[in-house]
Amino acid sequence: MASYSKLSDLFPIQSQLDYALEDETTPEEKENLVHQYLHKLDEKDDLIIPDFEEGLEWLNTDGPLSLRKELSGKVVVLDFFTYCCINCMHLLPDLHQLEQSYTIEDGLVVIGVHSAKFPNEKVLENVRSAVLRYDIAHPVVNDSDARLWQELEVSCWPTLVVLGPRGNLLFSLVGEGHREQLFLFTAAALKHYREQGLLKDHDVGIKLYRDSLPPSILSFPGKIAMDPGSKRLAIADTGHHRVLVVSNTGHLLHSIGGSSSGRRDGNLSEAQFSSPQGVFIKGDTVYVADTENHLVRKINLSEGKVLTLAGIGVQGTDKEGGTPGPQQPISSPWDVALGNAGGDILWIAMAGTHQIWALFLEDGKLPKGSDSKKGTCVRFAGSGNEENRNNAYPHKAGLAQPSGLALAPTDPWECLFIADSESSTIRSLSLKDGAVKHVVGGERDPLNLFAFGDVDGKGIDAKLQHPLGVSWDEGSSLLYVADSYNHKIKVVHPKTKQCRVLAGTGKAGNGLGPSFLESSFNEPGGLCVGEGGKLLYVADTNNHCIKVLDLETKTVSLFPIVVQQEVDSVLTTTTSSTPAFRKLPKSAPVLTMPSITVSSGQSVTLLLKLALPTGTKLTEEAPSFWSLSAEGNEWLLEGRAVTGSICDLSEPISIVSSIPVASVSPDPTLTLDAWVYCCLSEGGACMMKAVSFKQPLLIGSTSQEGSVAVTLEHAF
């Protein structure tokens, strides 16, 4: 068996280079040191690493890659990452720029080695979704059992390992923030091996999965928020780099940003975002955590303007703050919530520095803090260490990765509830005295960030897996949680610290019921309470949709987004009056009818009878419709209407298709799909219901006139 090297064999050699580089100031001197270092490594000729294990799943390639075959003759940068990790996300812009500077033909290949932290992250489809969400354009291998991680003795996420053209160790960079060294080492390695004639310019079979995706109106929606006054919803359409504002019946009112990432203030039609996550809407104002721009933005709908409130547009490392917002560097804001503590304050879940920050919209003062002027952006809670540490003093507490915020503004709560994803906990932050306390999940050891699971229970006995969103219901004093990696919605009683599952099967899916526990989600990232506590809106991130949980009837439905007029920016999908959901949801019931015998010359009349749940009615502004198809037997529909509107359910809807004379074909099937948009009689929240009828036809051998009627019935 071959003897391979590991990172501990490289560290003593590279540490000498790292120390020497600290003493040099000019690029030429640094390049010379790295050049000498590479010559020294070539003399050793023994730092070969093992190849990727056979049978691993690969993304963005035509097939598996090997260090001994396809990657031979290349300088390879291995990025050991796990897709939940904010530090790993911070590396992606550096890798993207590196790939823009040096191509595969130049001899550089970047490989993402996904080494999961959470069980949910081992599943290929979930890794695929993350690759799409983060726009990763290089090959990724799903090393679900972390074999290469273990063989190289990698110790933390992220870790970069640079290899020479024969799979030999050159450099290692641990953690984020090493952009200068990464570019220095990569450029030097490419030059060194090019001069030796060891680089090859062959392709390695890149095939991006994103290129085969169909368009959709939402792409990885992150968070959702409702304004109780206007009942408008703000949706972070994260994958499309935009924010949508819709009515509670699903009408698209404003689309700001998209379809590509960018950074621009100004008119709604010109503004740009980069993977926005958190949103908070109040009246005509939408506050946005513009995550990958490292900005907090404000959308003024009445003035039609977008402006920056905090951040300078690049990732900051400051963990204290205290300067005016537009001059204050911040890092990966993930959620925002508006409240007060002696003044109007926008609370920010600053995932990048593992803290909670405050942006003063008026002069004010934080608990156990000094007075702050309007516009100041300052750290409120969190030491900056990645921990699960609770403390009566907010600056001494430790958060792992705050990803969701919910304000409980009234006594006795007066706190922020925090979804701390990397510690798999829900925490509270008092607005009275700044104390950070445990609510549910995790465990007592503040350094153990691996205490996750899927267990109902009380306090520390309850277990979550990477929760991303929280929403507070003032009327019932309940906290709803998007337990992302468990694919569930859970409910927490903060007073008793009891946590239980509300909806979801626990497996990734896209089902709508018929009950809460029979419905399925796929990494839901955000949620909000609406209609006076009757409804719960869920951003079902990996299903690219919004779902509505009716907390009274215990049913789940799709929330349709209907585009009926021009909005502020161009959509990536339809801009007509046709509803966005043209493809029938997988969860829609499919009813196969008994076969009927028909002959050429006869007509088939399908009588569609649908019944809505008690207390609902058709939504006039969101047109319901039916669609008729006969896959592989399109001759049945030639010259016939294949779509139509549904305006009244009190009488059966008649849909006619005539059998052409002298037709010759195998026995066909007519498929009738019906989409119905309905709203609650109280509150007006819009939902989508759908059903599919499959009607097999047996074609007789003789021609005949007349009609055959079939009644198709379904009660939603």
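Buried residues have under 20% relative accessible area, exposed ones over 50%, and partly exposed ones fall in between (1.4 Å probe, protein chains only).

## About the model

This is a predicted model: local features need pLDDT of at least 70, side-chain atom pairs count only at pLDDT 80 or more, and totals for chains, interfaces and linings use all residues. Residues are numbered from 1 along each chain as its sequence is written, and side-chain values use heavy atoms, with hydrogens and water left out.

## Helix H3

Helices (H or I, at least four residues) and strands (E, at least two) are DSSP runs, numbered from the N terminus. Start with helix H3, residues 86-101. In H3, Ile-86, Asn-87, Cys-88, Met-89, His-90, Leu-91, Leu-92, Asp-94, Leu-95 and Leu-98 are buried. What do the buried residues of H3 pack against? Their partners are strand E2 (75-81), strand E3 (108-114), E5, H6 and strand E17 (333-340). Contact here means heavy atoms within 4.5 Å.

The expected span of a helix is 1.5 Å times one less than its number of residues. H3 has 16 residues and reaches 24 Å from its first C-alpha to its last. That is close to the 22 Å expected.

Helix H1 covers residues 7-22. Its 16 residues should span 22 Å at 1.5 Å a residue, and its end C-alpha atoms are 21 Å apart, which agrees. H1 bends by about 35° at Ile-13. The bend at a residue is the angle between axes fitted to the seven residues ending there and the seven starting there. The buried residues of H1 are Leu-7, Leu-10, Ile-13, Gln-14, Leu-17 and Leu-21. An α-helix has 3.6 residues a turn, so residues three or four places apart point the same way. The buried residues of H1 pack against helix H2 (27-44), helix H5 (147-152), strand E5 (159-163), strand E6 (169-174) and helix H6 (179-195).

H6 has 17 residues. Its first and last C-alpha atoms lie 24 Å apart, close to the 24 Å expected. Its buried residues include Leu-182, Phe-183, Leu-184 and Phe-185. Gly-197 follows H6, with a positive phi near 75°.

## Strands and a hairpin

Two strands pair if DSSP finds at least two bridges between them. An open sheet of four strands runs in the order E7-E8-E9-E10, with antiparallel pairing. Strand E7 (224-226) and strand E10 (252-257) are the edge strands: each pairs on one side only. Inside this sheet, five bridges join strand E8 (residues 233-237) to strand E9 (residues 242-246). Ala-234 has Val-245 in E9 as its bridge partner.

Strand E25 (residues 425-430) and E26 also run antiparallel, joined by five bridges. One of these joins Leu-429 to Val-436 in E26. The two strands form a hairpin with five residues between them. In the turn, Gly-434 has a positive phi of about 80°. Five of the six residues of strand E26 (residues 436-441) are buried, so it is largely enclosed by the rest of the structure.

## Aromatic pairs

Rings of Phe, Tyr and Trp (its six-membered ring) pair if their centres lie within 6.5 Å; planes under 30 degrees apart count as stacked, over 60 as edge-to-face and the rest as tilted. The whole structure holds 15 aromatic pairs. The rings of Trp-413 and Trp-472 have centres 5.6 Å apart and planes at 70°, so this pair is edge-to-face. The pair links distant parts of the chain, 59 residues apart. Trp-413 is in the loop between strand E23 (402-408) and strand E24 (415-420), while Trp-472 is in strand E28 (residues 469-473). Trp-472 is buried, at 11% relative accessibility.

Ring pairs also link Phe-80, Trp-149, Trp-157 and Phe-450 into a cluster.

Which peptide bond is cis, with omega near -10°? The bond from Trp-157 to Pro-158 is. Pro-158 sits in the loop between H5 and E5. Another cis bond joins Gly-513 and Pro-514, with omega about 20°.

Glu-523 has a positive phi near 50°, in a residue other than glycine. Glu-523 is buried, with a relative accessible area of 3%. Glu-531 has a positive phi too, near 55°. Glu-531 counts as buried at 9% relative accessibility.
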